[in-house]
Structures are given as C-alpha cells and as structure tokens.
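Student: Could you walk me through a protein structure, one question at a time? I would like to see how each answer is reached.

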Amino acid sequence: MRFDSVSTIYRKEMLDSVRDHRTLLSMVVVPLIALPVLSLFVVKMVTVVERRAGAKAQTIAISGAERLPGLLNALAGAGLKFVPREDLEAAIESKEFAAGVEPVELPDGRKEVRIYADLTRQDSEMAAQRIRAALDQFKETNARIRLREMGVPDEVLTPFTVERVNVAQKKMAGFMWGSVLGYVVVFLMSSGGMYAAIDLTAGEKERRTLEILLSAPAGRSEIILAKILATTTAVFVTAFLTLASLAVSFVYIGRQVAQPMLKALSEGVPLDIGTLGLILLALLPTAVMIASIMVAVALFAKSYKEAVSYLTPVMIAAIFPLIAGLLPGTQLTPALALIPLFNVCQLMKEIFLGDYSRLSLVITLVSNTVYAAAAYYFAVRVFKSESVLFRT
Amino acid sequence: MIQVRNLTKVFNVPKRGVVRAVDHVSFEVRAGEIFGLLGPNGAGKTTTLRILATVLQPTEGTAVLGGYDVVQQPEQVRRQIGFLSGDMGLYHRLTPREILTFFGKLNGFRGAELKQRLSDVLARLGIENIADVKVDKLSTGQRQRVAVARTLVQDPPILILDEPASGLDVPTARVIEEYILEARNAGKCIILSTHVMEEAEYLCDRIAVIHEGRITATGTMAELRAATGKERLREIFLCLLGLESLERKTSRAI
C-alpha cells in the first residue's frame, strides 16, 4: 500500500466530488441551508398559529349570565371578552367562537357552570383553559369573602401552596435534542454520502474513466481506499455541518421566539466543544461503515441511475434501527450497543443528556469499528471482482 | 516488448452460459512496431487489450509486457503502459491540467519535473490555451488531444490503444494517427485494436485478424496478401473470416 498514491487519488476524488452539483447539494446545501430554513419555517408557523389561536381565544360566547351574578366581572378580569349567544354548541361548531360558558341551575338548587369547547381545536382548548382558570379564581374569591364574613382566617382556605420542581430541567433540552437529532444526523449522513459513493463508482463506470484508472500505476487496494475515504469525508462533513447548522439555528430560534418549550430547548442545548467532539468521535466509525456499504453496493451498478435504485432500499433498511431508537423508554444497554446505527443514535442522546456510560461508549465504538472494518473488507472484495466491475 | 502465449479469457455470462471471449491467442510485438488487432465487434479485441492493461485477469496463458507478467507483476506492467480508448476516459469536471497532474503524480512525477512535463505535453499537442478549461466544455477533438496528452505525460514504452479513433471525424482522427506514427518512430511498442480497414492498413506494421476469440492469421500486409491471394485488406479480412463467398455473391448481385 503506497499512501502517496492513495493521497493522490483521494485528492482527485474530492475535487471531482465537490464539483458534482448533486454531491454538493446533499453534502453542504441541505445541512447548511435547507435544515435551518426548514426549522425557522416550522417555528414561524407554530408562532403564527399560536398567536392566532391566542387572539381567537380572547372572545367567548356566553348564555344565561344573569344566573350567576359576578360571572361577567370574573371573566372580564381574566381578560376575556364575551358575546351573548343562545345556542353555544352551534356557535362553537361554526367556529364563530372558540368556546362558550353557561351557568345552569340544577334541580337540587345547586348551580353548575358549563364550559363548551371543541378540544380538537387549539384555540378552543386555550379558551376553555382560560375560562376554567377565571372560574377557579372566581370560586376562590367568593369562598374567601364568605369565610372572612364568618370570621375564619385566610389560612384555612390555603393550608399549603404547591410548587412543582422538575429535577431534569437542564436535561430536558438534551433529551429532546438527542432523541430527534441523532436520527436526523444519521439519516442525512447517509444521503450526504450517497451521491459521492455513486459518482465515484457507477459514475466512473458510466463515464468510462474506471478502466483508465485501473490501468494506471495504482493498486486496486489503493484506489478503493481512496474512494472510501472520499465518501467517508462526504458522510462526515454532512454530519458535522448538520450538527453545526442545527445548533446555531436552535440557539437563534431560542432567542427569537417567546414559545416556552422552544426557549427551554435552546437554553439547554449542550454546545460545548467537548460534547460536540465526543459526538463526532462516536460518529466516525459509523461514517466509515456507511461509506463502505454505499461504495460496495454502488459498485454493482452499471450506471448512476441503476446505483440510485440499488441504494434507495439500503437507505430505507437503515431507517428501521433508527425508528427503534425513537420508541419510548429505549436505553443503551451493553447488548443493544451492538446494534449498528441504533447504538450511535442512542449514544448521542445519552451524550446530550450528559450521563452516558463509558461501557456503552466503548462497546458502541468498538462494535461500530468492527462493522466498519467488515464493510470496508466487503467493499475491497467487490472492487477486486471482475464480474462486478465489468458486469455485462 | 509484448509476448502473449495461449491467452484465454472465459466469462460466465447470464443467459448465455460460458463464453470464450479470447481463446488461446498468441503473438509478439516488438519495440518500434505498430501491431494491429483487426476484428469485427465482439471478436475479443477489447478483452485482449484489457488483459494486457491488467484490467482483467486471464483464465489461461501468459502475457509479458516489458519483462513483467500481467498476473504476477501487474503494478510494474502498469508503469510500462499507456492505455487509450475511443471513449477517451476523461474526468469531465476536471481541467486538462488537473487530469495530467493526477496521472503524472500516479506515475511518480513530482514538483518541477512534473511541471516541466506538463508544460512540454501541453505545448506539443497545442492545448495550452484550454489547459484550465473543464473537459465538459471542450469539443470532441480537444478532448481527444487531452486523452493523448494523458498517455504522453507518463511517456511509457508500450502503448495499448483500443479503437483510439473510433467515432472521431477525419481531422481529429488524423491527430491520433500522427501521434501513433510519432510514437512508433520514437521506438515505442504499440498494439492497437480497430475494425476500420483503412486505419489498420495505413498504420500497422503487422496485423492479426481475430475472430470469435481466435487469431486466424498474423503478418505484414505483404504476408497476408500472399497467404490469401487477395489484394485489399477488406478482401483479406473477409477471406480470413470465412465470409468471402458472401462478398462475391453481393458483388455479383450489384
């Protein structure tokens, strides 16, 4: 193995790849531009929808307000506007109002306040929550007034207060990030490497340059190593850019939006160099494995088009271990750390959470390195097979 | 420079079974000689040349180029040869300078020596002005000059040319022919495949007619004329392929 030959071929392959629009699009443009733009678009949509729902939830329909004196003041005090309507169900179903409220007298003389809402609609649910909060407040105020009149102190009504403390506050962002991002990154890594793998194999066959390269003074092991290195670079660059651009766009989004969940997500994003470095290290053997498999499969094809049709089922097959990781409650046990793709996604999640186990890290890295070596060996065997390279 | 003995290549083709693409082929090519492999499509010309270029491995037989065996010492063989085909095999997204640099480096040239070679080759083929234009922007003729430049940059003693002028117009084909004749005069050993009679007659010192994987005759034009009693290479070729009677019938019908 002469590494200067490998280096010469690698440089040529990289130069050729970065001038290929398809490779450049999937390797750079998608992670760097499309994903942040898409995230921004989703955030804008969520914000607009919530704002509209909030605005609509301000005004409610009301019927029989006279049956409960003080109700209108209580609703107005909670910032709600109200319009009298007879048929509350029809008013909500026609979407004229988000929700409705109606006090009724029960046969036993007690009073009941009915809230009408369509819980499949976000605005209706928001309005119903506001009405409920206003009514709770109204109920408590009335009770306090009566107790004071009876000479009972306020403390009787409020013997204690309740405060919920989320012990995983800081971990929430890591959990959300790790759960979704790992799968996005691994999936985009595959698509980022796909066009490079095809271009350097089936593309070379189609353009009739492979024969010339094979007759040049370079060994087949050197040629295939350079091709896999070039594809690995494309896969790895995609991973790096996806992580970087998503991190930056999440932070930006967090600063721009007031939405509490998104804000919490952005504030808890672990963006230190150590975390990102560990994730990139965890992804390296997977990148080599993905590149080797793609190069090996694409070598069977005689044309670019044929290679795309061969690699598409491979990409679909890769989605299954990724989906398994999205199931609730899945954790990276030493046994599960042996499953390729699944293990690296779970490991990413645990790294983001900040509580990965060293054993899982080592098992994942070692098993993925073994898979990468096996995939590389397979690709070399395929490349040395005449019946594959010159398939008729 | 080239010694081929009983070279055989068998393929297992789906739906066709075992196919003997090359069947016990033997010949020799000396330095300063142009040896033509003349045959119809599918005769085994390209397979023979691919074995000589170490792209394919023979099923049986031996081929030695410049003293190196294609099976035992393929990398040494590759340092002795320049391979050129009608497809040209150029990287369309690279410029001629980038392609020549790439192959120059693979052949072990570096630094000032590589730079000098590039500049000489570009000047010799008159392509300095297009050296930094991507290949996909070049005309067919310009591309073929670049393909020739690729083989010149390494300046190998043996040239393997697989239908090098296939599909080219007359002026462009002329560039290739001049290149081949110049290489012969410089003492190179040249083997070329073709199915164009004029090209074979004009360029080749000796010709081997190959049909269904076997060589049916080898010799100079004079020797082939004497062996077949025919004057024109086209008639000699058809005679050696056993298609003479068909041509006579056609001639009579006309």
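The questions and answers below go through this predicted model, from its chains down to single residues.

Student: How does the radius of gyration of chain A compare with what the globule rule gives for 392 residues?

Tutor: Let's begin with what the chain is built from: chain A has 15 helices and four strands. For 392 residues the globule rule gives 21 Å, and chain A is well over that, so it is more spread out than a compact globule. Its C-alpha trace spans about 100 × 45 × 35 Å along the principal axes. The radius of gyration of chain A is 31 Å.

Student: And what is the radius of gyration of chain B?

Tutor: Chain B contains 10 helices and 10 strands. With 254 residues, the globule rule gives 18 Å, and the value for chain B is close to this, so chain B is as compact as a globular protein of that length. Along its principal axes, the C-alpha trace of chain B spans about 60 × 45 × 40 Å. The radius of gyration of chain B is 19 Å.

Student: What share of the accessible surface of chain A belongs to carbon and sulfur atoms?

Tutor: First, some background on burial: buried residues make up 47% of the 392 residues in chain A. The accessible surface of this chain comes to about 19900 Å². The part belonging to carbon and sulfur atoms is 65%.

Student: What is that share for the accessible surface of chain B?

Tutor: In chain B, buried residues account for 53% of the 254 residues. Its accessible surface is about 11300 Å². Carbon and sulfur atoms hold 47% of that surface.

Student: Which residues of helix α1 of chain B are buried?

Tutor: Helix α1 of chain B covers residues 45-52, and seven of its eight residues are buried, so this helix is largely enclosed by the rest of the structure. The buried residues of the helix are B:K45, B:T47, B:T48, B:L49, B:R50, B:I51 and B:L52.

Student: Is A:L341 buried or exposed?

Tutor: Most residues other than glycine have a negative phi. A:L341 is not a glycine, yet its phi is positive, about 70 degrees. You will find A:L341 in the loop between α12 (304-326) and α13 (342-353) of chain A. Its relative accessible area is 10%, and the cut-off is under 20%, so A:L341 is buried.

Student: What is the relative accessible area of B:H24?

Tutor: B:H24 also has a positive phi, about 50 degrees, although it is not a glycine. Look for B:H24 in strand β2 of chain B, residues 17-29. B:H24 counts as partly exposed, with a relative accessible area of 39%.

Student: Which residues does A:I131 touch, not counting those up to four places away in sequence?

Tutor: Start by locating A:I131 in helix α5 of chain A, which runs over residues 122-149. Its relative accessible area is 0%, so A:I131 is buried. Its contacts beyond those sequence neighbours are A:I60, A:L75, A:L80, A:A99, A:G100, A:V101 and A:I115.

Student: How many Å separate the C-alpha atoms of A:F383 and A:F300?

Tutor: A:F383 belongs to helix α14 of chain A, residues 358-383, and counts as buried at 1% relative accessibility. Leaving aside neighbours within four places in sequence, its contacts include A:L210, A:L299 and A:L389. A:F383 and A:F300 are 83 residues apart along the chain, and their C-alpha atoms are separated by 9.2 Å.

Student: What is the volume of the largest cavity?

Tutor: Rolling a probe the size of a water molecule over the atoms shows where empty space is left. Searching the whole structure gives one cavity of 30 Å³ or more. The volume of the largest cavity is about 60 Å³.

Notes:
Residues are numbered from 1 along each chain as its sequence is written. Chains are lettered from A and ligands numbered from 1 in the order in which they are written. This is a predicted model: local features need pLDDT of at least 70, side-chain atom pairs count only at pLDDT 80 or more; totals for chains, interfaces and linings use all residues. Side-chain values use heavy atoms; hydrogens and water are left out. On a 1 Å grid over the protein atoms alone, a cavity is a set of points where a 1.4 Å probe fits but cannot get out, and a pocket is an open set with protein on both sides within 12 Å along at least five of seven lines; lining residues have an atom within 4 Å of a point. Grid points are joined across faces, edges and corners, and a volume is the space filled by probe spheres set on the points. Helices (H or I, at least four residues) and strands (E, at least two) are DSSP runs, numbered from the N terminus. Buried means under 20% relative accessible area, exposed over 50%, partly exposed in between (1.4 Å probe, protein chains only). Contact means heavy atoms within 4.5 Å. The radius of gyration is taken over C-alpha atoms; the globule rule is 2.2 Å times the number of residues to the power 0.38. Accessible areas come from the Shrake-Rupley method with a 1.4 Å probe; for residues, only the protein chains shown count as cover.
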